[in-house]
Amino acid sequence: MDDWLHRAPTAFHGKRIFRLGLAANYGIDEGGVRAAMDRGVSIHDRARAGGLAASSPLDLLMIRYNAAHPGAERDIFPHVQGGRPSVLAYTATAWRRLLKKPKGWGGPAMTAGDCYRFQLSSPHVDIALTGPKSRAEVEANLDALAKGPLTADEQAWMRDFGRAVHG
């Protein structure tokens, strides 16, 4: 694996970012790649996912979670106890919609790195799925992650932006 995959933002110690089954594993093990789960499920039904989080033997829930779709905070995260099951968040950019300013928005749009920071700033999200198209995008995302968890002001801005994108 290239050296750039091993560059680890220390502010997100213990959190991971995946690409095509390979993990840049931030401070967890030396190999940088390990299996994410024995038993897991990708699920869109948040109420059912909350029930599975509360009372199933699953190791991992793969869920949609981003600034435009934060419903997991209400329907799933309250049921995740003691780090079980692990939560893998996908669609960080809401299919790139969070990377463009909606009509009437006066401020900047989010970057992909902002979107990953939004996901990983949740104490319930263990893994963020990412799909960079180039080494430059990987570098930009890792630079963003090096900033660490969102500040209260960044959190408020991203939530406002997500609401504007969602409509």
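A residue is called buried when its relative accessible area is under 20%, exposed when over 50%, and partly exposed in between, with a 1.4 Å probe and protein chains only. The model is predicted, so that local features need pLDDT of at least 70 and side-chain atom pairs count only at pLDDT 80 or more, while totals for chains, interfaces and linings use all residues. Residues are numbered from 1 along each chain as its sequence is written, and side-chain values use heavy atoms, leaving out hydrogens and water.

Helices (DSSP runs of H or I, at least four residues) and strands (E, at least two) are numbered from the N terminus. In helix α5, Met158, Phe161, Gly162 and Val165 are buried. These residues lie on the same side of α5 because they cover an arc of only 105 degrees around the axis, the arc being that of the directions from the helix axis to the C-beta atoms. On the other side of α5, Ala152, Asp153 and Arg163 are exposed, whereas the buried residues pack against α3 (112-121), contact meaning heavy atoms within 4.5 Å.

Just after α5, Gly167 takes a positive phi of about 95 degrees, and Gly167 counts as exposed because its relative accessibility is 88%.

Strand β5 (residues 86-90) has 5 of its 5 residues buried, with Ser86, Leu88 and Tyr90 on one side and Val87 and Ala89 on the other. Strands pair if DSSP finds at least two bridges between them: β4 (residues 60-64) runs parallel to β5 and is joined to β5 by 5 bridges, while β5 and β6 (residues 127-129) pair in the parallel sense over 2 bridges.
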